[in-house]
Every structure is written in C-alpha cells, then in structure tokens.
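Hello,

Here is the structure I promised to pass on to you. Have a look at it first, and then read my notes below.

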Amino acid sequence: MSIIKFENVHYTYPGDQMESLCGVSLAIEEGSFVAVLGHNGSGKSTLAKHMNAILVPTEGKVTVCGIDSADEERLIELRRNVGMVFQNPDNQIVANVVEDDVAFAPENLGVEPREIRRRVDEALKQVGMYDKRQHAPHLLSGGQKQRVAIAGVIAMEPKIIVLDEPTAMLDPIGREEVISTVTRLCREKGMTVVLITHHMDECVGADRLIVMSNGSIVADGVPAEVFANIELMEREGLTVPETTRLLYDLKQRGMDLPLTALDVDACAKEIVKQLRG
Amino acid sequence: MLKDITLGQFFPGDTIAHRLDPRTKLLLVVLFIVALFQARGWVAYGVLTLTVAACMTVSHISARNIFKGLKPMIFILALTGVLNIFYTGGTPILPGWIITWEGIARAIQMVLRIVLLITGTFLLTYTTSPIALTDGLELLLNPLKKLRFPVHEMTIMMSMALRFIPTLIEETDKIMSAQKARGADFETGSLMDRAKALLPVLVPLFVSAFRRADELAVAMESRCYHGGEGRTRMKQLILKGRDYIALALGILLLAGIIYLKKWGL
C-alpha cells in the first residue's frame with residue numbers, strides 16, 4: 001500500500017511566476033527507502049515540504065497515511081506521522097540540552113511524562129547519541145547534531161521520515177553517520193525514508209531513486225537502472241557514480257558490460273568476467 | 001574573542017542547593033530580597049550575611065566566584081558608599097568635619113545591602129540551569145494565564161533566546177573574521193569609528209537571525225508545536241520535603257527580620 005501519494009500536484013510559490021512543481025504524480029510504498037535527486041531549484045525541497053503539509057498544493061492532491069494534506073483539522077495527526085529533518089541542524093534544535101530537545105515533539109503531542117522519557121531514551125539509543133544526552137547541542141559536531149535532530153523526530157514515532165538535504169552542511173564523516181543511521185532505521189524499524197539529496201553516493205543504498213528537474217520527475221526506478229541512463233543524468237547536469245562512469249566508458253569502446261554494478265567489487269567482477277570471456 | 005563571554009553562569013553540581021526545585025529557589029530569592037529591604041539594624045544585617053554565607057557553603061560556591069561577579073559593580077558600590085558617607089547628617093567624627101558616624105554606618109549598610117542582593121541572586125543563577133529557571137518561572141506565573149497573560153509564550157521565547165545565544169555568538173565571530181579578512185578594523189579609532197565599523201557586522205547578523213527564525217518556526221511546526229495548550233513535560237517539577245523545609249526557613253527568616261525591625265535592631 002502506498003503511504004504517500006501525490007496526484008498531479010502543482011505548486012507555485014506566492015509571488016512567483018514559475019511553477020515549482022508541475023504536475024507531479026507519485027506513490028511511495030510503506031517501508032521503502034526512496035532517494036530524490038536533483039539540482040538546486042529542481043523542486044525537490046518543494047516536494048519534501050508537501051509531505052508534511054508545510055506546503056499545500058495549489059492544484060492536485062497529496063495524501064499521507066490516508067490523510068489529505070489540505071485537511072487543516074487533521075494537520076497535527078498528519079505531522080506526527082511524518083518526521084522532517086532539515087538541512088541546517090542548528091536551526092531545528094530547540095533546547096539547550098540534547099534530551100530536552102528530543103522530548104520537544106512528544107511534549108507537544110501531550111504524551112505522558114514517563115512515556116516521553118522512554119521514547120527519548122529509545123530514540124537517542126537508535127541514533128547512537130544516548131551517551132551525549134546531557135550535552136549542550138552547540139558543542140556537538142555537525143553529524144552529531146543532525147543525529148539529534150533525527151532522534152527528535154523519531155521520538156514522535158512517525159511512520160515516515162523525510163530528510164531534506166540533511167547532509168548538505170556536513171563533512172564526509174558526518175554524512176556517513178547520518179546516512180547509515182537513516183538506512184538502519186528503514187531496514188530494521190521498517191520506517192519509510194524519503195531522502196532528498198544532491199549527492200549521488202547517498203542514493204546508492206536506496207530502494208528507489210527519483211530524479212527531479214524543473215519541477216517534474218524525469219527518472220524513477222532502482223538506483224542502478226537510473227544511473228545506467230548516463231545520457232539523461234548528464235543532460236540534467238548530475239554526475240553518476242565513478243563505477244557506472246567506468247563501465248559506461250568501457251561499453252562505449254566496445255565492451256559488452258551491464259551498467260548496473262554500483263559498488264567497486266561488483267564493477268570489478270563484471271570487468272573481469274568480460275575480460276576472461 | 002567573543003567566545004570568552006560566559007553565559008547563564010550556571011555551575012553544574014549536585015548539592016542540595018542544586019537539587020531544590022527552581023520554583024522554591026525563585027521564591028526564596030524573593031523572600032530574601034524582601035527581608036533585605038526590611039533590615040534596619042546591625043543584628044538584622046548580621047543575620048542576613050550569615051544566611052548568605054551558609055547558602056554559599058551549602059551550594060559549594062566559593063567567595064572568589066562571587067567576587068568575580070561583583071567586579072562590574074565596583075563603581076556603583078563605591079559611589080553608594082561615598083554618597084552615604086558625605087550626605088548623612090549626625091554627629092561629626094571630628095569637630096568641623098562633614099563625615100559623620102551615622103554616615104559611615106549607613107554607607108557600610110548600604111554597600112552591604114547591594115552586595116547581599118547581588119550575591120543572593122547569583123546563588124540562584126549559579127545553582128540553577130537556565131532551562132530549569134524558565135520552567136520554574138512558567139509554573140510560578142501560571143496563575144497569570146487566567147488574566148490572559150501569555151506565560152507560555154514568554155517562557156518559550158526566553159528559552160529559545162538562551163538556546164540561540166551561543167549560535168549567534170559563533171555567527172558574529174564568523175562574520176567579524178570575514179570582514180577582517182577584507183580589511184575591516186574593529187580595534188582602533190575613536191568610539192564612533194568603532195561603532196561604525198560594527199554596522200557591517202550587525203546587518204548580516206540580523207539577516208541571518210531572521211532566516212534562522214523562519215527555519216526554526218517551520219521545524220517547530222513540523223514537530224507538532226501548536227502553542228502551550230495540551231503540552232506535557234518530560235521533566236516534571238515536583239515539590240519535595242526539602243523544598244517545603246527550605247521555604248519554611250525562608251519565611252522564618254523574613255519573619256525574624258521584621259521582628260528585629262520592630263525592636264530597632
């Protein structure tokens with residue numbers, strides 16, 4: 001069953017001439033890990049903001065967990081099911097102590113104090129920040145702050161986590177921390193994860209990759225297949241993983257190779273197989 | 001350079017003063033201040049000084065920390081002292097002098113009063129985290145909600161401000177470095193010149209603060225924030241036996257001082 005459903009969604013920012021989303025239709029399955037790739041201005045952040053009703057379509061319909069996003073009455077109900085993590089970790093942490101910040105969402109929902117305590121401890125353990133629960137957030141590294149932000153949304157016990165370029169301001173170590181955390185949440189806890197990004201390598205582990213350009217979906221499929229369409233990716237100004245690039249170049253020179261090997265080992269195996277005939 | 005500023009001068013610890021409920025401590029400070037302004041004679045001042053000393057010992061706050069906090073107040077203290085010495089009538093210490101015995105006594109009492117006032121409030125901020133303080137304040141002011149006073153909004157604004165002070169300081173530091181790299185000079189010139197040099201720092205700082213506020217609001221809404229209504233708290237504040245004892249002692253102190261005042265002590 002699809003947990004997020006976009007039906008011919010159009011959106012224009014107030015005061016803008018251009019549509020930021022031009023007729024997007026999309027269905028995301030429960031428990032899947034979906035990556036959305038695109039350039040700045042491709043509409044991928046706008047897409048994300050529709051998933052928890054920060055933005056409501058100017059035309060068309062968004063349904064999340066069976067709730068119409070335009071239904072103001074059920075706004076809180078919708079938002080508790082969709083955790084949003086944003087780009088800048090500093091601007092989404094609300095408290096001076098890590099555990100108080102994680103408690104913010106359940107406190108807003110009026111959860112019992114003892115239950116909040118349980119959820120906070122659980123959420124912090126899941127992102128590996130339990131040891132730092134008494135720390136001040138501004139003293140943590142970028143990756144750690146972003147993990148606190150993730151804990152802050154999973155304490156709501158949402159069904160879906162939407163991450164809007166969560167790694168854009170992080171160093172490579174921080175990026176790795178965040179991506180492995182959300183991957184684990186998806187695989188082990190069965191959460192639906194929507195990851196908005198412009199880093200190729202972060203999409204490799206996803207079940208599905210959606211490429212956006214100028215407010216429309218231009219490619220949608222298993223990452224290996226999407227990357228294999230190198231012509232399209234280059235037209236969109238997106239680089240493909242180096243392994244795909246290598247296989248593509250070899251294929252151009254006459255070797256018969258599939259373009260679907262994403263990691264170095266698989267890529268090497270294909271080449272060896274081909275060379276041995 | 002801005003990183004040196006210490007904020008919310010809270011000293012974490014695990015003394016009984018730290019464990020008291022923030023509401024109790026707030027009320028105690030109020031009681032203490034009222035008592036301080038009721039004190040007239042030396043006995044009363046002696047009692048209050050001993051109380052403060054006892055509280056300092058209990059909460060492991062050294063006199064050095066208190067002195068550090070008093071330093072910026074030295075000018076006001078000196079002025080208070082001098083004015084009281086010279087402007088109090090009575091018997092001169094030597095014939096023909098304008099300095100009177102009464103003046104000296106009054107000067108000492110006034111200076112002592114200010115020192116005790118500051119020390120008393122320091123004891124509160126030194127032993128209570130800013131968050132606990134705002135929480136305590138919210139609960140204490142709760143009855144005002146009936147008068148439509150926005151208690152929750154006020155306290156959440158206070159805690160957000162506290163949360164963003166370090167972030168904004170960091171940002172200021174960054175902007176200043178960026179301006180310095182392009183030749184800005186913040187250290188030399190007249191006061192006017194230096195104030196002018198700060199303008200190119202303040203403008204981007206304000207712009208970014210507004211942008212942050214915008215993003216923060218969206219992030220808070222995404223986490224189901226919808227005002228104070230129906231909100232619960234993870235850390236419940238519960239008054240315990242020690243809080244009642246402390247409050248009783250505070251009331252006893254105030255009653256004692258008022259009693260001493262009656263006898264002119």
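**What I found**

Please keep in mind throughout that this is a predicted model.

Strand E1 of chain A (residues 2–11) in turn pairs with E2(A), antiparallel and over seven bridges. Here A:Val9 is found opposite A:Val24 of E2(A).

Put together, this is an open sheet of four strands in chain A, with the order E2-E1-E4-E5 and antiparallel pairing. Its edge strands are E2 (21–29) and E5 (67–68) of chain A, each of which pairs on one side only.

**The six-stranded sheet of chain A**

Chain A has another open sheet, this one of six strands in the order E6-E7-E8-E3-E9-E10, and its pairing is mixed. Strand E6 (82–85) and strand E10 (216–221) of chain A are the edges, each pairing on one side only. On average, neighbouring strands of this sheet are turned by 15 degrees against each other, with direction ignored.

One pair to look for is A:Val211 with its bridge partner A:Ala219 in E10(A).

- Helix H5 of chain A (residues 142–154) touches E6 and strand E7 (160–164) of chain A, and its direction makes about 165 degrees with that of E6(A).
- Helix H6 of chain A (residues 172–189) touches strand E3 (33–38), E7 and strand E8 (192–197) of chain A, and its direction makes about 155 degrees with that of E8(A).

**The domains of chain A**

How is chain A divided into domains? Domain 1 covers 2–238 and domain 2 covers 241–277. The C-alpha centres of domain 1 and domain 2 of chain A are 33 Å apart. Even so, nine residues of domain 1 of chain A are in contact with six residues of domain 2 of chain A. Helix H7 of chain A (residues 223–228) gives the most to the domain 1 side of this contact, with five residues. By class, that side of domain 1 of chain A has seven nonpolar, no polar and two charged residues.

**Chain B**

Chain B has 10 helices and zero strands. Chain B has a radius of gyration of 24 Å, whereas a compact globule of 265 residues would have one near 18 Å. Along the principal axes, the C-alpha atoms of chain B fill a box of roughly 70 × 55 × 35 Å.

The domain assignment gives chain B a domain 1 in two pieces, 17–128 + 238–262, and a domain 2 at 151–222. Taken over C-alpha atoms, the centres of domain 1 and domain 2 of chain B are separated by 37 Å.

One helix pair to look at is H2 (residues 22–38) and H10 (residues 241–262) of chain B, which pack at an angle of about 5 degrees with their axes 9 Å apart. Because of that angle, H2(B) is roughly parallel to H10(B). Among the residues making the contact are B:Leu28 and B:Phe32 of H2(B), and B:Leu247 and B:Leu254 of H10(B). The residues of this contact divide into 13 nonpolar, three polar and two charged.

**Where the chains touch**

Finally, 24 residues of chain B are in contact with 33 residues of chain A. On the chain B side, helix H7 (130–141), helix H8 (151–181) and helix H9 (191–222) of chain B each supply at least two residues. Which helix gives the most to that side? H9(B) does, with seven residues. The chain B side divides into 12 nonpolar, six polar and six charged residues.

Technical notes. Residues are numbered from 1 along each chain as its sequence is written. Chains are lettered from A and ligands numbered from 1 in the order in which they are written. This is a predicted model: local features need pLDDT of at least 70, side-chain atom pairs count only at pLDDT 80 or more; totals for chains, interfaces and linings use all residues. Two strands pair if DSSP finds at least two bridges between them. Domain bounds come from an automatic or database domain assignment. Two residues are in contact if their C-beta atoms, placed from the backbone, lie within 7 Å. Ala, Val, Leu, Ile, Met, Phe, Trp, Tyr, Cys and Pro count as nonpolar, Asp, Glu, Lys and Arg as charged, and the others, Gly among them, as polar. Axes are lines fitted to C-alpha atoms, for helices over the stretch in contact, and angles run from 0 to 180 degrees between N-to-C directions. Angles under 35 degrees count as roughly parallel, over 145 as roughly antiparallel, 65 to 115 as roughly perpendicular and the rest as oblique. The radius of gyration is taken over C-alpha atoms; the globule rule is 2.2 Å times the number of residues to the power 0.38.
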